[in-house]
Amino acid sequence: MSRRVRLGLFLLAGPGLAAVLVLGFRGLPAFGDYHGVYGRIVDNFALSARHATDFVTALNFDIRAFDTLGEEYILFAAAAGVALVLRGLREEGEGPHPAPPQQHGFAGASDALRSLALLLPPLLVGLGGYVVLHGALTPGGGFQGGVVLAAGPLGALVTGRYLAFKRIAPHSAVEALEALGAWAYAMLGLGGLVFASRYLQNYLPLGIPTHLLSGGFMPLNSIAVGLEVSGAFLLVWTEFLDQALISGRGDRS
Amino acid sequence: MSFLPFAVAAWLFVIGLWGVVSSQNLVRTVLCLIVTQSATYVLLLGIGYRAAGKAPIVADIPVVNTLVDPTVQVLVLTDIVIEATVVALLLALVVQAHKRFGSVDPAELRIMRG
Amino acid sequence: MTTVQAVALCVVALAGGAVVLVPDPLRQVFVLGVFGLSLTFLFFAFQAPDVALSEIVVSALALPLIVLAALRKIHQHERESEQEREER
């Protein structure tokens, strides 16, 4: 189907789609006029039932933990798909990991950049750990904190030395991290089956709200998801950067 | 005026779709798909909003306040992170297509003949 | 609807249109970063700090890196096949 035919079809169907969307949205209650029941119940009872002060994380990792399991595995499958497609791109004769080029031709980074590359990884890993652990108390949780955790080793890329990044986050460690996170979440749910008669039912003591160890297994779930998300993003970045910076004919400097 | 969030959601959806249909570069197609997906986020958060509601975090406000619906926030929050990985998968396919067909123009990705 | 929310919605609509209308994918990445920032602001205005945190972290950090690496790989491959054609 050529581009002109596509555009013509869209000019025919597009206004119709827009009109249907606007008509459909007109049937919704007005903005700010909230009619739902589930949200009201969660808002009123989540603090006393789950001892968590951040209701979004309480929903994510405790009340609707089963949905999070499915979404976590979508993430896992997408990262595995990226690894599958991009590793199949490597030319024949290259081993499982491409050999780094012999010469860089890179002028080197200034001292300021180098000290930044030393400072950033531990700072970001610390911040990511903080966001992950405090999911049940303040805005945060496994998903957001996981991406910040993954940004830690990426700080070493500020100097442009991709091989330094690979030394901080080697391939096998990244894959193991992701698999560990995915496995840990499923196993925590099995604990619910064993101790509380329902998969992913909260079985640890609930604790006092606003304390770090409160909310039952919410912090543990958060840690598992954080590990998995950071492993997935590091894997995706490593695969793409391998392709862009290392693979192929190598440097022609 | 209170229809504005839904209007913006519809606008983002349609213009993202137009970007997908009219692009001559597969990477552009993927990036316009991100705009289309953002329309769903705006729509979901618009549905869950409650007039004069506060964020559903009660660490420092009393619980009796009217709070915004947290259920839709859960959906959007996980979806944003998953969208990034799915975009990565799509871009990996684009890189593979470029290697196979030598071009990222969707019009030149003819199925292998013969 | 407060004025902050209305302004944020208009900025999001403009930024979304800008992402689609930019022709070059490399420039689109930067406009996409601005679009993500405006979405973050909108999510804050809608009283959703968790969602805003998620959006800023993904659109400022994860997405641009992936897209830029993919673009670089494509550009590199194009250059290599051009060189191959010249050598022949």
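**Figure 1. Burial of residues in chain C of the predicted model.** In this predicted model, 51% of the 88 residues of chain C count as buried. Of the contacts in chain C with a separation of 6 or more, 50% are accounted for by residues 24 or more positions apart.

**Figure 2. Helices of chain C.** Chain C contains three helices and zero strands. Read from the N terminus on, its elements follow the order α-α-α. The radius of gyration of chain C is 18 Å, whereas the globule rule gives 12 Å for 88 residues; the value is well over that figure, so chain C is more spread out than a compact globule.

**Figure 3. Extent of the C-alpha trace of chain C.** Along its principal axes, the C-alpha trace of chain C spans about 65 × 25 × 10 Å. The chain traced here is the one whose elements run α-α-α from the N terminus on.

**Figure 4. Contact between chain A and chain C.** Chain A provides 20 residues to this contact, and chain C provides 17 residues. On the side of chain A that touches chain C, the elements that give two or more residues are α6 (142–154) and α9 (218–246) of chain A. The most is given by α9(A), with seven residues.

**Figure 5. Residue classes on the side of chain A that touches chain C.** Chain A brings 20 residues to the contact with chain C. By class, this side of chain A has 13 nonpolar residues, six polar residues and one charged residue.

Definitions and conventions: Residues are numbered from 1 along each chain as its sequence is written. Chains are lettered from A and ligands numbered from 1 in the order in which they are written. This is a predicted model: local features need pLDDT of at least 70, side-chain atom pairs count only at pLDDT 80 or more; totals for chains, interfaces and linings use all residues. Two residues are in contact if their C-beta atoms, placed from the backbone, lie within 7 Å. Helices (H or I, at least four residues) and strands (E, at least two) are DSSP runs, numbered from the N terminus. Ala, Val, Leu, Ile, Met, Phe, Trp, Tyr, Cys and Pro count as nonpolar, Asp, Glu, Lys and Arg as charged, and the others, Gly among them, as polar. The radius of gyration is taken over C-alpha atoms; the globule rule is 2.2 Å times the number of residues to the power 0.38. A residue is buried if 20 or more other C-beta atoms lie within 10 Å of its own, exposed if 12 or fewer, and partly exposed in between; C-beta atoms are placed from the backbone.
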